[in-house]
Amino acid sequence: MIATLVEALPGDEGSWWYEVKYDGFRALSARSAGEAALFSRNALDLGSRFPRVLDAVGDLAIDEVVLDGEIVALDESGVPRFQLLQRGAEAETVYFVFDLLWQGGEDLRPLPIEERRRRLAKIVGRRRRSVIRLAEQREGSARTALEHAAAAGHEGLIAKRRGSIYESRRSKLWLKLKAVNAQELAIVGFTPVSHSDREIGALLLGYFDEDGGLRFAGKVGTGFSSTLRRELWKELSNEAALPSPPNEAPRMKTARWVEPRLVAQVRFTEWTSDGRLRHPSFLGLRPDKSAREVVRERPARAQPAARPAGGPPKRPPRSSAAKIAARPSADRVRLTSPDRVLYPRDRITKKDLADYYEAIAEPLFRALDRRPLALEHWNSGIDQPSWFQQHVGKEAEDWMTLAETSTRTTGRTIRHFVADSPAALRWLAQHSVLTIHMWSSRIGSPESPDWLIFDLDPAKGKGFEQAIEAALVFRRLLDELRLPGVPKTSGKRGIHVLVPLVPGYSHEDAVEFACRVAEAVAARVPGLTVERSIAKRKGRLYVDCLQNGYGKTIVAPYSPRAVDRAPVSAPLEWSEIVRGLDPARFNVRTMPERLAKKGDLFRPALEGGARLPRLKGIERH
């Protein structure tokens with residue numbers, strides 16, 4: 001769960017409490033079966049770097065537990081100093097824990113934060129000298145608490161909404177209030193010191209904007225020891241050169257621009273009007289952060305958090321302690337035969353597929369979050385037979401997240417693969433998975449779909465134009481019903497139109513509504529049919545409303561398809577659905593650039609949601 005930076009203090013102060021914001025490494029820890037683990041947000045193993053903390057987790061007097069907290073190094077006054085963490089195992093570190101996610105086989109994330117905090121205090125205790133300590137709470141108003149935090153030398157506060165659950169994403173249920181400006185920035189170059197060509201004089205910094213472009217943020221020349229200046233020069237001199245300076249970078253004769261790989265933590269007074277850091281000071285490197293995830297932190301407006309219409313918040317899924325504690329990195333899966341050609345006419349290899357999955361990881365994870373999957377494998381490429389996989393059996397590996405579902409007809413239990421980590425995406429590429437099919441519901445709430453879908457399937461012998469015409473018919477209808485619609489290509493000839501739903505609807509509700517709408521449209525539009533028999537369709541486009549049923553799947557957004565040109569299922573803007581649209585233009589080679597320009601167009605299908613109207617008189621629409 002990640003806090004949202006805000007500029008204004010919460011208006012409904014009685015609904016929040018305040019904790020100290022610690023300046024250190026965010027860390028999830030787990031103890032299970034006598035073994036302990038310590039990981040960063042991006043699945044970096046922190047155990048070897050902070051052995052005191054790892055040992056303390058292992059010594060907890062409870063067999064199965066997952067904690068969330070921050071590893072810090074304290075100065076002589078007891079104030080966290082990020083610079084001291086650069087000493088690694090030599091630093092006197094403390095693990096301030098602020099949340100309890102799992103205890104003794106029970107997933108605690110759906111519980112109110114007060115109950116999680118109460119249980120955490122019983123496990124950790126309130127000892128002030130131990131390696132694992134309870135995060136400090138601040139009493140009084142937000143303004144008073146922030147002033148006290150600043151006076152004590154802390155970076156700021158985290159405001160947490162009372163009664164809130166734990167969400168595994170950035171959330172406005174936790175708000176970040178800064179007393180001192182500091183954030184991580186990508187190192188995009190350096191200038192040498194004037195008296196030596198073996199030391200850096202300043203680091204050149206940047207960040208990625210919302211369109212994926214690299215922007216210049218200024219330079220920092222203070223906060224380094226002579227030893228560190230030499231080490232950074234040696235490290236950065238071996239980095240690949242940037243083809244061109246970042247956007248808005250000034251001309252600097254001595255600048256050496258490098259590909260962003262390292263991340264620096266920087267303290268500063270403010271951002272200038274032209275997007276530069278004012279009075280920056282280097283605090284240290286962030287090995288727990290990826291340069292590609294560095295963005296400029298901009299305050300959001302603090303608003304009272306409200307529950308979505310239609311019922312209580314969705315419960316997070318139950319999962320094992322180890323799975324909560326770490327997101328396995330791609331290094332867990334070895335990519336064999338990377339040069340094997342999967343698309344012969346396009347010369348696209350298994351390595352190209354792995355690179356594509358890595359490039360679209362963020363929006364793909366968002367779409368597939370906690371969803372059971374079914375997979376199509378093309379081990380020898382698209383010219384050879386494929387095989388379809390729903391159940392993961394003996395081939396399951398210890399790092400995998402699996403979701404168990406039961407079939408309604410036989411009661412048989414199926415274990416589905418869940419793609420939730422870099423290792424999972426590498427596994428898909430290693431096993432030549434060219435089509436990912438996903439459920440509309442998630443682990444923990446399999447009976448409640450997140451959307452209903454109209455699957456528009458052109459007749460045999462008809463082209464994509466037939467799907468375009470049908471999609472525009474459904475758009476007009478949804479506009480009249482005041483329902484949101486999110487279109488995407490199937491990746492082949494069809495179009496999917498999704499209507500996001502508020503929580504509380506069943507698959508039966510979705511099927512009934514979608515079929516009534518589809519039948520009414522088909523009765524009035526001669527080119528459409530709901531007839532399942534291919535022989536009886538007679539050249540008409542088939543509107544599949546039964547795809548809303550329990551256990552039914554659709555091709556996931558951004559999933560490749562196993563046909564020439566390697567097209568993918570592409571979320572669309574409605575304005576793009578016009579005559580002449582070629583779905584193959586959205587493919588594994590073009591989609592990463594499209595995402596950088598357009599953003600994740602599938603996101604509206606995952607946020608908010610609509611209530612389905614009564615359909616009395618639908619035939620008139």
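Predicted model: local features only at pLDDT ≥ 70, side-chain atom pairs only at ≥ 80, totals over all residues.

I then looked up the accessibility of arginine 347, and it is exposed, with a relative accessible area of 55%, the cut-off for exposed being over 50%.

Next I turned to the loop between helix H9 (464-481) and strand E28 (486-489), which holds arginine 482. Its phi is near 60 degrees, again a positive value in a residue other than glycine. Buried or exposed, I asked, is arginine 482? Arginine 482 is exposed, at a relative accessible area of 78%.

I went on to the sheet, which is open, has four strands in the order E23-E22-E26-E32, and shows antiparallel pairing. Strand E23 (387-389) and strand E32 (553-555) are its edge strands, each pairing on one side only. From one strand to the next, I noted a twist that averages 25 degrees.

For the pairing of strand E22 (residues 373-377) with E23, I found three bridges joining the two antiparallel strands, and I noted that glutamate 376 stands opposite phenylalanine 388 in E23.

Last, I asked which helix packs on the sheet. Helix H8 (residues 422-430) does so, touching E22, E23 and strand E26 (433-439), and its direction makes about 35 degrees with that of E22.

Note on methods
Residues numbered from 1 in each chain as written. Heavy atoms only, no water. Pairing = 2+ DSSP bridges. Axes fitted to C-alpha atoms, helices over the stretch in contact; angles between N-to-C directions. Contact = heavy atoms within 4.5 Å. Buried < 20%, exposed > 50% of the residue type's maximum accessible area, 1.4 Å probe, protein only.
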